[in-house]
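Hi,

Here is the structure I promised you. Have a look at it first, then read my notes below.

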Number of protein chains: 2
Amino acid sequence: MTQDRGYLDRLAARSAAVGSVLCLGLDPDPAALPPGFSSDLTGVERFARLVLEAALPYAAAVKPNLAFYEAFGSAGLAALERLRATIPADAPVLIDAKRGDIGPTAARQAVAIAECLGADAVTLNPYLGRDAVAPFLERGIGFVYVLCRTSNPAAAELQNLRVGGDTVQGWPEEALFARVARTAAGWAGPERLGFVVGATAPEELAAIRDLVPDRAFLVPGVGAQGGDLAAALREGPVRSGSGGTSRPGGGLLLNVSRGIAGAAGDPSGGPAANDLQIRIAQAAAEWAAKMPVLS
Amino acid sequence: MTQDRGYLDRLAARSAAVGSVLCLGLDPDPAALPPGFSSDLTGVERFARLVLEAALPYAAAVKPNLAFYEAFGSAGLAALERLRATIPADAPVLIDAKRGDIGPTAARQAVAIAECLGADAVTLNPYLGRDAVAPFLERGIGFVYVLCRTSNPAAAELQNLRVGGDTVQGWPEEALFARVARTAAGWAGPERLGFVVGATAPEELAAIRDLVPDRAFLVPGVGAQGGDLAAALREGPVRSGSGGTSRPGGGLLLNVSRGIAGAAGDPSGGPAANDLQIRIAQAAAEWAAKMPVLS
């Protein structure tokens, strides 16, 4: 959804308001619903709404991953459209799509994500090069997060390959993820393009922060994936004096999905936490408190 | 759609039956519809059905790209579900999705593409590593095409970077696309995994064929993108004696999308070709004849 203010300004305002850089991942898995929810789309949609309602007060942004809705076909995508319509305008919506395609196709992806889903930001895959990214910036998406170093176990398989130096640019031999950061930083300025860097790879996270001190990071992996929260808080924010504008939260978002939704089914919540919504709100509040906006 | 016979056997049977390795890309762009079709979903769906009906007799496989349907939101995805249901079982359906995500998300993508869309095969992005691919093979997708060297103008930006040698594997310093081919060949055997290699990069196509002589290729870029058809026909088929089973068509698919759909609006069709369906069928027949199944 294009707004008068830039995406990073809106994100900063929301981060300041909730006091946290928590990004609420909305990825409802029918295999992980609490008792009382059917594992069909009805149950999944009902649970996603409950999580959204309970956790939203603590979240700087909301990030649904398309796959969890598309798995129910067109009916699932319609459920996401309904869910998206309930998110208030002051909470930025990131669509986790990880798309990457040739230019004319990327243009249609941008329509899908900007217009049909009113996304403020989107995640994109860099493998196809700048062609796959530019159409999003031209068609109503405020900000793109390019996958740089992902949080999954096999991420290093290609992303940590060593690539040769570039004498024209003056770039050294380095890991592919580092070259992706340098290269994609040339596709758009820091107000329009940042990076996805997993908290499960704290060394890579620090290395990427050194390379692109002024770029906003979306950091997955601190919840169920067991990533390094301290490293994410230390290296995640834009470095002051880097040329990037200093804003509350430093442009950082730390995503938690299963770590919040999973609290609904956690039997250790104690006697006072027998209500689903309370459990989820508590989990969100606890995560939010672990990732405060520092003044 | 899982079938008793493997995907490559079904593809070979269809290729032999139609006498061609033409893959019909079904990517209806509302900005490129012929006169008489509204640029809303109604017009787009009607045109896609017309193209499918006219061109299917000449096509070894059908490849819709999800973006062109998702651009109309859930209603667009529903239109693709209807379209897919009209494709007969003997024509393999490739869903061009270019997905790539962490394992639990990839598992939901696989459900979306295998179950909701009945895909026989899918295109996937390698950047996240094997985690992003394995769930598709475990959940009902017969075959995956991993993006290796794409057909777009900026493809070389990352894909042609030089990566260092791997002394453990005995792999030399080489281009990233070459390393992707070698690496992804370790994710599944030739009966389950092949590559997307654009005809716009004939040198890279030949280099990849040398590296993975037994892998099926899906080659885009010979139509509107102006790729090298001769190179695609020469290097595209699996090499006999490579260990890959020799089948009619050599596992090759050459995709044409705009080159066929665009014929509907081509005013140079002559007096006998004033009917849309005839023009499209003629364009498909001409493309099919240029890419025969050689005995």
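Which strands of chain A does helix α1 lie across? Helix α1 (residues 7-18) lies across β2, β3, β4 (121-124), β5 (143-149) and β10 of chain A, and runs at about 85° to β5(A). Helices (H or I, at least four residues) and strands (E, at least two) are DSSP runs, numbered from the N terminus. Angles run from 0 to 180 degrees between N-to-C directions, with axes as lines fitted to C-alpha atoms, for helices over the stretch in contact.

Some ground rules: this is a predicted model, where local features need pLDDT of at least 70, side-chain atom pairs count only at pLDDT 80 or more, and totals for chains, interfaces and linings use all residues. Residues are numbered from 1 along each chain as its sequence is written, chains are lettered from A and ligands numbered from 1 in the order in which they are written, and side-chain values use heavy atoms, leaving out hydrogens and water.

Now the sheet. It's open, with eight parallel-paired strands in the order β2-β1-β10-β9-β8-β5-β4-β3 (chain A); strands pair if DSSP finds at least two bridges between them. β2 (61-64) and β3 (94-99) of chain A are at the edges with a single partner strand each, so one side of each has no neighbour in the sheet.

On to the two chains. The contact (heavy atoms within 4.5 Å) takes 55 residues from chain A and 55 residues from chain B. There are six salt bridges between chain A and chain B, meaning a side-chain nitrogen of Lys or Arg within 4 Å of a carboxyl oxygen of Asp or Glu. One of them joins Glu157(B) to Arg130(A), with the closest N and O atoms 3.1 Å apart.

Cheers
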